[in-house]
Amino acid sequence: MALLEVRHLTLHYRTKRGEVNAVDNVSFTLERGEALGIVGESGCGKTTLALAIMRLLPENAYLEGQIFFKERDLLALPEEEMRRVRWKGISMIFQAAMNSLDPVYRVGEQIVEAMRTHEPTISPEAARERVAELFQLVGMSPDLIDRYPHEMSGGMRQRAVIAMALASNPDVIIADEPTTALDVIVQDRILAQLDEIRKRLDMSVIYISHDVGVIAEVSDRVGVMYAGKLVEIGPTAAIFKSPHHPYTAALMSAFPRLHGEKQELLIVPGEPPNLLSPPPGCRFHPRCPYATELCQKQEPLLEPFESTHLAACWHPLLQKRETLRARAG
Amino acid sequence: MAVKVAAETLLRVENLAKLFPVQKGLFRRAREFIHAVDGVSFEIRPQETLGLVGESGCGKTTTGKLLVRLLKPTSGHIYLNGKDIAQLEGRELKQFHRTVQMIFQDPYGSLNPRHTIFQIVSEPLKVQGIGTVLEREARVAQMLELVGLSPAESFLFRYPHELSGGQRQRVAIARAMIINPSFIVADEPTSMLDVSIRTGVMKLMRDLQKEFGISYLYITHDLAVARYMCDRIAVMYLGKIVELGPTEAVIQNPLHPYTKALISAVPVPDPERGRPPVALKGEVPSLADPPPRCRFYDRCPIATEYCRTHDHPPLEEKAGRHVACYEA
């Protein structure tokens, strides 16, 4: 069995204006040592999916489905045990976490405190030593332990946050837009370091990003989300070479490229749907150039095309990518 | 009166500088200065888009604000249609603001939440005292259609919170366009928009440029976006332009080591294609009173003793491009 297996996960928020289906019937697996990328635009449910796995949801959230981690269903665990999973099992690097370090405490102290909260038996000295090791692991000098957050650059603070996530040696790290606010040169270094750490410690990582380029570089497999649905998932090379779902293809053709020949960018008509009242059938059909009556009426399910490459589409693209691009002109 | 210059230049910037004093203590005088923009020169031609790219804190936004005179330069000249607008004040400055506009990054923060779309877009007309209310309304409606907010009547009296990010940025573009400016500074206008929305806004800006002959200074940190939008690119590092040239030339064959590093750091959305490692040391140093040597010296992979002991290199022409490097 996979290290982490999400089965038919559905999450809705009950709000005053109605029910919001933030994540709808999502299933995937994550193996030990694997890097899985989840890509999608804002509001597609990728962060909510991560919070659901961590069970860090507001009170108006309702969950269905199962999340198996090391063969135990996380949704059935009592809160006390879930806290242990959050520390030892799965840890999360939150979006913009580098800005949430406490400004009045030294960075090292904050990591020591997190460690001692979860493992009261560690002595302060041992914890401090561990923090020094972690700083080195993420490519920072241990001399920086006693700095305050404002004395560090954005890149350094983000490294400190990654060090904190690694403190307990978790099996899985969920990194939500880990480099989004950083400049490209710093981003490049941090992604390379995370990748090296993952390989060295045989950790699994779920990368969440809107940036197709970042996801292409760091992931072994990629899942594409649209309006709360996982619309395609498969090996990175296959997804990028031959995307089956028109949304995946559109996302890639809309992304401006720095290398290779200059190409016209694709315009995807319209905007993502309001999840209070998503369109019936396939949620992408109002924006899809291939949509037919079937797409308006019946929802396509995630189905395998090649053994490990799945897509949820009635009219999957097999060799149509060039046609799609031609339409962009 | 304004002196007409050669038709191929709309805007010429000469040795533009902006220093911000660093206040230490309440009554002490500033001893240090942040050199946000430090001796920058370039030209923008009619109907041209010049991209200003660089990392955060390199001075690109300050440069943009100086050009539309939201900030006053410490020194240097900005010639728009041959007239130096760098030190304008009072009524003359207001007159100048009629000819230029700026589009900001954040479509959520740059529109007054208590104003209707009509009030927002017609504001520049009102400030400049152009037209009656009815005339303004007709003009705003026309402009909304033009930026793709159609039918205009259904948008005129709505509020920003009712609109999506992409629609808000279209409102910001309409507001900038309403006074028929010849020059617009666009500061990261699409960086907060999603990919599928972004392309439409970029295309709109290009279409408006063709139709009305506007010039843009397009500020962005994203080289791929700059490649798509700009005719020429200027790369900024620590308040200086280090390289300037035609977009494809700069991207395909960068000359300055900083441009090379910047390009090699962009992730490639193609798993079959590798990219060279980024050859760059350290992090961006402080902008406060930089030492008199090449600004890039501390991080440069090809720096020599000469670079350390001499002033920052001037931006010089090399094979139809401009580079500020002793070793390039």
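Trainee: In this predicted model, which residue stands opposite B:Gly51?

Mentor: B:Gly51 stands opposite B:Ile233, which belongs to β9(B).

Trainee: What makes β3 and β9 of chain B paired strands?

Mentor: Pairing requires at least two bridges between the strands; β3 (residues 49-53) and β9 (residues 232-237) of chain B share four bridges, running in the parallel sense, so by that cut-off they count as a pair.

Trainee: Where do these strands sit in their sheet, and how is the pairing described?

Mentor: The open sheet has eight strands in the order β6-β7-β8-β3-β9-β10-β12-β11 (chain B), and its pairing is mixed.

Trainee: Why are β6 and β11 of chain B said to stand at the edges?

Mentor: β6 (100-103) and β11 (316-318) of chain B each have a single partner strand, so one side of each is left without a neighbour in the sheet. From one strand to the next, the twist averages 20°.

Trainee: How do you know that β4 and β5 of chain B are paired?

Mentor: Two bridges join β4 (residues 75-80) of chain B to β5(B), and the strands run antiparallel; since the cut-off is at least two bridges, the pair qualifies. B:Leu80 stands opposite B:Lys83 in β5(B).

Trainee: What packs on the sheet that holds these strands?

Mentor: Helix α1 (residues 60-67) of chain B does, touching β1 (11-22), β2 and β4 of chain B, with its direction at about 65° to that of β2(B). That open sheet has four strands, in the order β2-β1-β4-β5 (chain B), with antiparallel pairing.

Notes:
Residues numbered from 1 in each chain as written. Chains lettered and ligands numbered in written order. Predicted model: local features only at pLDDT ≥ 70, side-chain atom pairs only at ≥ 80, totals over all residues. Axes fitted to C-alpha atoms, helices over the stretch in contact; angles between N-to-C directions. Contact = placed C-beta atoms within 7 Å.
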